[in-house]
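Student: I am new to this structure and would like to study it through questions. May we begin with the terms that are needed?

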Amino acid sequence: MNRIKLLLAPIVVLLPSAVFAADPPAASDIPTPKFERQVIDAKIQIGYGIAIGDVDGDGKPDILLADKKQIVWYRNPDWKRFVMAEDLTPQDNVCIAARDIDGSGKVSVAVGAGWNPNETTDPSKSGAVFYLIRPADPTQRWQPVRLHHEVTTHRMQWVHAGPGKTDFQLVVVPLHGLGNKDGKGNGVRIMAYERPENPHDEWKTHVISDTMHMTHNFDLRWDESMGSEEGLIAGREGIGSFSRVLDTWTSAPPEAMPGMKDGAGEVRFCSLGESFGWATIEPMHGNKVVFYPASGIGEKQKRVSLDDTLSQGHGLACADLLGLKRWQVVAGWRAPNKDKKVGIKLYVPLDNKGEKWETHLIDDNQMACEDLKIADLDADGRPDIVAAGRATHNLVIYWNRTKQQSSATAK
């Protein structure tokens with residue numbers, strides 16, 4: 001039985017109720033997307049990973065960035081830049097996780113460094129995981145605590161592992177397994193870390209999965225029935241999944257979707273109001289944006305191609321930016337495509353089945369997108385886009401100025 005379908009089956013009743021309008025706008029009523037571009041940093045080095053969360057406890061979402069050698073945050077609304085940590089390893093930083101995991105109203109932060117994807121045999125030369133201890137003044141340097149790591153640490157998120165409201169664990173996904181070469185060999189050890197009361201103490205770890213051999217990114221969604229979050233993982237072999245049931249992590253091996261060749265680099269859950277599915281960028285660092293409407297048990301899985309003109313697609317997110325009560329897909333790419341351009345596009349579903357879409361250009365050749373996130377930064381009910389550019393060396397907010405018929409619900 002298709003594990004992906006089982007994982008997604010309850011999503012319709014678990015997403016925020018505001019997502020599900022009885023009568024979402026028809027295609028002719030879709031507002032014209034309008035975004036106002038603001039560069040808040042024109043001198044980043046790479047911009048490996050973005051996180052959004054309240055750093056200083058003022059109730060406003062700030063922007064955090066894992067750059068080449070520095071971990072920094074930008075204060076909302078003046079966007080002043082503060083360095084949290086730097087030179088954690090001889091190699092680059094690569095990822096960041098920030099979330100309020102203790103109900104304090106302030107994010108806890110973990111970062112990944114030691115980025116050396118071609119070194120898969122020596123953990124001392126590849127990969128690193130740090131928890132950053134917050135100072136009394138968050139604008140000052142944070143204290144890094146080095147944790148256990150696997151080779152090629154690549155992506156991480158704080159995951160609500162339930163059933164307690166503050167039961168979060170740090171899930172870390174490496175690119176390769178130990179000794180892996182060209183995606184072959186030992187499986188990638190996807191790990192969950194339990195934060196102790198004293199973060200200097202040993203962190204208990206759990207192996208969630210080791211069945212994938214080359215991963216790239218993962219996404220989460222809330223499962224009300226289990227009181228925890230579940231995840232989808234994109235990799236060369238397809239889409240895998242994981243969840244936590246009765247205090248035990250479980251996982252399913254990757255599955256190649258119809259028409260999927262060489263797997264996927266990005267995957268995101270996506271609600272269409274009356275139905276749902278997930279979006280991907282294929283293959284890893286690929287040119288295709290694809291949507292898979294969830295199908296019932298026994299039904300043939302459909303594949304809907306949204307675009308095949310990207311080059312090194314590397315940013316993907318889903319949210320309702322236009323107030324349609326069905327989410328849209330945002331994708332960015334970091335290398336010049338056949339038109340010799342980089343940028344970001346918005347894909348809008350024209351129906352509640354995800355079978356018809358229209359495309360809008362958000363950034364035309366000014367953003368070599370390494371990562372992007374969606375969040376309502378100014379509390380106007382319209383989610384905004386934040387993107388970091390690798391070759392363009394910029395961190396940009398795309399303020400959502402779309403005239404909506406109703407307020408949007410962000411993911």
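Tutor: Rings of Phe, Tyr and Trp (its six-membered ring) pair if their centres lie within 6.5 Å; planes under 30 degrees apart count as stacked, over 60 as edge-to-face and the rest as tilted. This is a predicted model, in which local features need pLDDT of at least 70, side-chain atom pairs count only at pLDDT 80 or more, and totals for chains, interfaces and linings use all residues. Residues are numbered from 1 along each chain as its sequence is written, and side-chain values use heavy atoms, with hydrogens and water left out.

Student: How many aromatic pairs does this rule count?

Tutor: The rule looks at the distance between ring centres. Applied here, the count comes to eight.

Student: Are the planes of F218 and F242 stacked, edge-to-face or tilted?

Tutor: The ring centres of F218 and F242 are 6.1 Å apart. Their planes stand at 55°, so the pair is tilted.

Student: In which strands do F218 and F242 lie?

Tutor: The pair links distant parts of the chain, its members being 24 residues apart. Strands are DSSP runs (E, at least two residues), numbered from the N terminus. F218 is in strand β14 (residues 215-223) and F242 in strand β16 (residues 238-245).

Student: Is F242 buried or exposed?

Tutor: Buried means under 20% relative accessible area and exposed over 50%, with partly exposed in between (1.4 Å probe, protein chains only). F218, at 2% relative accessibility, counts as buried. F242 has 0% relative accessibility, so F242 counts as buried.

Student: Which residues form one aromatic cluster?

Tutor: The cluster consists of aromatic residues. Its members are Y131, W158 and W203.

Terms used
Helices (H or I, at least four residues) and strands (E, at least two) are DSSP runs, numbered from the N terminus.
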